[in-house]
Amino acid sequence: NNNNNNNNNNNNGGISETCQRLYEESLKCESNLKNAQYRDTSGCEMINTILPRLDSAFRSIKSPPIAKAFAWTFGIGFFALAGYLYLLHRKVVRQKKELESMGYYGATTDMGGVHA
């Protein structure tokens with residue numbers, strides 16, 4: 001059993017298919033390469049012009065203060081409700097155990113033949 005070269009999938013120093021596919025599909029701007037026979041400059045306009053404009057446009061977008069306030073209120077409310085529900089669950093479990101210890105075996109909830 002070779003165990004796939006001890007699970008060392010390094011392709012014997014070669015380039016993996018995933019890396020090769022990602023490189024082939026990526027934008028390239030090889031205009032400044034020296035001594036290159038075939039330069040791929042198909043992505044130069046996108047890299048040098050369009051991407052910087054998109055970056056500055058997204059950085060200039062500011063969310064309104066009311067949106068931030070709503071998001072914080074929703075987040076705090078969600079975790080407060082989750083904590084309260086957890087406390088209620090613990091309280092119900094504790095009360096059920098107390099009733100069972102006093103001999104009230106009907107305190108277990110019948111859930112289709114399965115007792116909680």
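Arg-59 and Asp-55 both lie in helix H3, four residues apart, about one turn of the helix. Their side chains meet in a salt bridge, with 3.0 Å from N to O. The term denotes a side-chain nitrogen of Lys or Arg within 4 Å of a carboxyl oxygen of Asp or Glu. A search of the whole structure finds one such bridge. Side chains of opposite charge can pair when their charged atoms come close. Arg-59 is exposed, at 60% relative accessible area. Asp-55 is partly exposed, at 39%. Here buried means under 20% relative accessible area, exposed means over 50%, and partly exposed lies in between (1.4 Å probe, protein chains only).

The model is predicted: local features need pLDDT of at least 70, side-chain atom pairs count only at pLDDT 80 or more, and totals for chains, interfaces and linings use all residues. Residues are numbered from 1 along each chain as its sequence is written, and side-chain values use heavy atoms, with hydrogens and water left out.

The protein has four helices and two strands. From the N terminus, the order is α-α-α-α-β-β. Helices (H or I, at least four residues) and strands (E, at least two) are DSSP runs, numbered from the N terminus. Of the 116 residues in the protein, 5% are buried.

One disulfide is counted, defined as a pair of cysteine sulfur atoms within 2.5 Å. Cys-29 and Cys-44 form this link, with their sulfur atoms 2.1 Å apart. The link of Cys-29 and Cys-44 is right-handed, with 100° about the S-S bond. Cys-29 lies in the loop between helix H2 (17-25) and H3, and Cys-44 lies in helix H3, so the pair ties together parts that are 15 residues apart in sequence. The two partners can also be described by accessibility. Cys-44 is buried, at 14% relative accessibility. Cys-29 is partly exposed, at 28%. Another cysteine, Cys-19, is partly exposed at 47%.

The loop between H2 and H3 also holds Asp-40. Asp-40 is partly exposed, with 26% relative accessibility.

Leu-54 lies in helix H3, which spans residues 44-60. Leu-54 is partly exposed, at 42% relative accessibility.

Aromatic contacts come next. The structure holds one aromatic pair. The ring centres of Phe-78 and Phe-79 are 5.2 Å apart and their planes stand at 80°, so the pair is edge-to-face. Rings of Phe, Tyr and Trp (its six-membered ring) pair if their centres lie within 6.5 Å; planes under 30 degrees apart count as stacked, over 60 as edge-to-face and the rest as tilted. Phe-78 is partly exposed, at 48% relative accessibility. Phe-79 is exposed, at 61%.

A charge also sits over a ring. The charged end of Lys-28 lies over the ring of Tyr-23, 4.6 Å from its centre. The criterion is NZ of Lys or CZ of Arg within 6 Å of the ring centre and within 35 degrees of the ring normal.
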